[in-house]
Amino acid sequence: MDSAQSPPPVEVITSLDDLRGDLARRHPATTTTTSDAVDPAVTAADLSALERDGYVIWENLLSPDECEQLRGALAPLLERTGRNTFEGRRTRRAYNLLEKTRACDMLVEHPRVLAVLDRLFLPNYLLSQLQAIDIHPGEQAQMLHHDDGFYPIARPRPPLSAATMWAIDAFTDTNGATVVLPGSHHWDSARGPTEADTRTAVRMPAGSCAFYLGTLWHGGGANRSAAARLGVTAQYCEPWLRPQEAYTLATGRDTARTVSENIRRMLGYSIHPPFMGAVDGMHPKRLLEPPG
């Protein structure tokens, strides 16, 4: 047979570790990037607090000007009130924010957040949800829940997701601050909240962020004040799980080309080794390349 017509040699795979990125080797498996700006000792202290309490509060990560810019960017998007008592009848929500504004990108990939996520989850973890939550006066307390409760894996177990709640307005005892049950991330599947359990309102000034594990029981607080309380939550999950929002459908390719590499990876334009997330056997970033 003419050598020009010979089939290409067959690559022998002896381990799944031999499969990295797409099979054509154009795009390697995407790796996470952690900012060097975060002192490892600070991240270690954050992880210790998470192990003990299930949550940690970081005060004043955003400036007053940044909070004001976020209010202005989000106000036109907050048109839909909750459809049930869980979403909140007097709560306005805006979903899929990455497709609607670039204002929240800095929250999604804040170095303090990524430094913790890089140690909690496997590489190529995904963004699961990004929404604004504006709790108005008269809203009742939300049903207590834990964010990864819809994954049918028995507790106690490591968290499968984690969340940030950014205080664009100050969170107080009376205006709907998130209520957490410290230590509840250690509970088993048979254990739920009781009246005897300690409930703690996450009080924090505007520009602060609460980071909590997906196994922590919590809920939005009642707003007994005269003003609305605006927050933004970004939630993340392990790379082998289905996110709450289907970002590869909800976020257009022009947006995926515009955002940072960190966010693009978290939207699903990444490969979790050996080949989870592939499109037609290839790396999904090929979909963002110009034709031809």
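**Close-up views of a sheet and its helices**

**View 1. Strands β3 and β4 side by side.** Strand β3 (residues 91–94) is joined to β4 by four bridges in the antiparallel sense; strands here are DSSP runs of E with at least two residues, and helices are runs of H or I with at least four, numbered from the N terminus. Two strands pair if DSSP finds at least two bridges between them. Arg 92 has Asp 134 of β4 as its bridge partner. This is a predicted model, in which local features need pLDDT of at least 70 and side-chain atom pairs 80 or more, while totals for chains, interfaces and linings use all residues. Residues are numbered from 1 along each chain, and side-chain values use heavy atoms, without hydrogens and water.

**View 2. Strand β4 and its partner β10.** Nine bridges link β4 to β10 (residues 229–237), again antiparallel. Of the 10 residues in β4 (residues 126–135), 10 are buried (under 20% relative accessible area, 1.4 Å probe, protein chains only).

**View 3. The open sheet.** Seven strands follow the order β1-β8-β5-β10-β4-β3-β2, with antiparallel pairing. β1 (55–58) and β2 (80–81) each have a single partner strand, so one side of each lacks a neighbour in the sheet.

**View 4. Helix α1 on the sheet.** Helix α1 (residues 40–53) touches β1 and β8 (209–213), where contact means heavy atoms within 4.5 Å. Its direction makes about 135 degrees with that of β1; axes are lines fitted to C-alpha atoms, for helices over the stretch in contact, and angles run from 0 to 180 degrees between N-to-C directions.

Technical notes
Buried < 20%, exposed > 50% of the residue type's maximum accessible area, 1.4 Å probe, protein only.
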